[in-house]
Amino acid sequence: MMPSLKFSNHKIEDFAIQVTFDPKAGEGNVVYNRSLIRNEDLEFAISVLKDANKTGVSVSGLVKFLASGEKIADFVIPKGCTGICTMCSITFDGLLIRRGVPVNPIGGGVVEIENRTPIRFTDMILYEHTTIDPLQVLMSHKTTSVTNVMRMGSGRLLANIREFHMEAEPLVGEVLDELSSSSYSGILDVGMPNIPLLGVPVNPEYIGIAAVGGTNPMAAIREGGRWVQTSSLKGLIDILELEEIRDF
């Protein structure tokens with residue numbers, strides 16, 4: 001029997017349900033993205049990651065660097081490359097599921113930012129219609145201007161959106177309160193019941209919530225003319241294996 005295609009919304013659910021991250025305790029497993037850069041670009045990448053964290057365009061300031069030959073899961077970092085593991089925004093979906101909030105991942109896209117305020121999604125790929133992570137696709141098509149957002153407060157960021165039932169709003173509020181003092185800082189905007197969020201419609205009696213895409217720092221590295229290869233939703237990692245980018 002031939003294996004069936006797995007669409008992104010199901011991949012998200014598979015990983016999100018395994019998240020054990022406790023924002024209060026600062027421990028547990030989070031979903032990570034894995035990226036590759038050339039060794040000679042490491043210093044540049046570190047400076048971009050620091051700026052991305054300071055300006056709020058990344059999910060978290062936590063990072064893990066891997067030298068050529070090192071292994072993560074079943075992947076070996078190729079010769080001449082440095083691996084970078086960063087937190088994926090799907091970690092947030094996992095936090096909601098753990099709190100008993102059913103989450104419907106809608107899609108990933110590009111959000112227009114003006115004066116550090118999200119205005120609208122200009123591009124969107126629905127998770128249920130793709131087997132490839134939308135942000136990975138949009139990043140490869142050079143649709144972003146993350147560097148402009150970091151420097152001037154206006155531009156185009158990668159982001160994703162999900163929805164939850166309005167009856168779960170108090171529980172979601174609790175999660176957001178816990179995140180406010182944690183290493184996760186990726187929430188972009190929260191909507192109102194039955195009202196589109198940043199131009200994206202939600203189902204009746206549902207509320208949309210948008211999060212910054214975890215691949216934004218990598219998009220900024222690419223915008224700087226450097227080679228970068230990103231693979232989203234690569235697996236789970238103990239958050240204690242990650243270090244604060246400001247310490248580099």
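In this predicted model, the hairpin of S6 and S7 has 2 residues between its strands, and Asn115 adopts a positive phi near 50° there. The two strands, S6 and S7 (residues 117–126), pair in the antiparallel sense through 8 bridges.

An open sheet is formed by 5 strands in the order S7-S6-S8-S10-S9, with antiparallel pairing. S7 and strand S9 (187–190) stand at the edges with a single partner strand each, so one side of each lacks a neighbour in the sheet. From one strand to the next, the twist averages 35°. Within this sheet, Glu163 stands opposite Gly208 in S10. The table sets out two of the strand pairs.

| Strand pair | Sense | Bridges |
|---|---|---|
| S6 and S7 (residues 117–126) | antiparallel | 8 bridges |
| S8 (residues 155–165) and S10 (residues 206–212) | antiparallel | 7 bridges |

Attention now turns to helix H1. Which residues of helix H1 (residues 8–16) are buried? They are Ser8, Asn9, Ile12, Phe15 and Ala16. Viewed down the axis of H1, these buried residues fall within an arc of 130°, so they line one face of the helix.

The buried residues of H1 pack against both strands and helices: strand S1 (29–38), strand S6 (103–114) and strand S11 (228–238), together with helix H3 (90–98) and helix H4 (134–140).

Technical notes. Residues are numbered from 1 along each chain as its sequence is written. This is a predicted model: local features need pLDDT of at least 70, side-chain atom pairs count only at pLDDT 80 or more; totals for chains, interfaces and linings use all residues. Side-chain values use heavy atoms; hydrogens and water are left out. Buried means under 20% relative accessible area, exposed over 50%, partly exposed in between (1.4 Å probe, protein chains only). Helices (H or I, at least four residues) and strands (E, at least two) are DSSP runs, numbered from the N terminus. The arc is that of the directions from the helix axis to the C-beta atoms. Contact means heavy atoms within 4.5 Å. Two strands pair if DSSP finds at least two bridges between them. Axes are lines fitted to C-alpha atoms, for helices over the stretch in contact, and angles run from 0 to 180 degrees between N-to-C directions.
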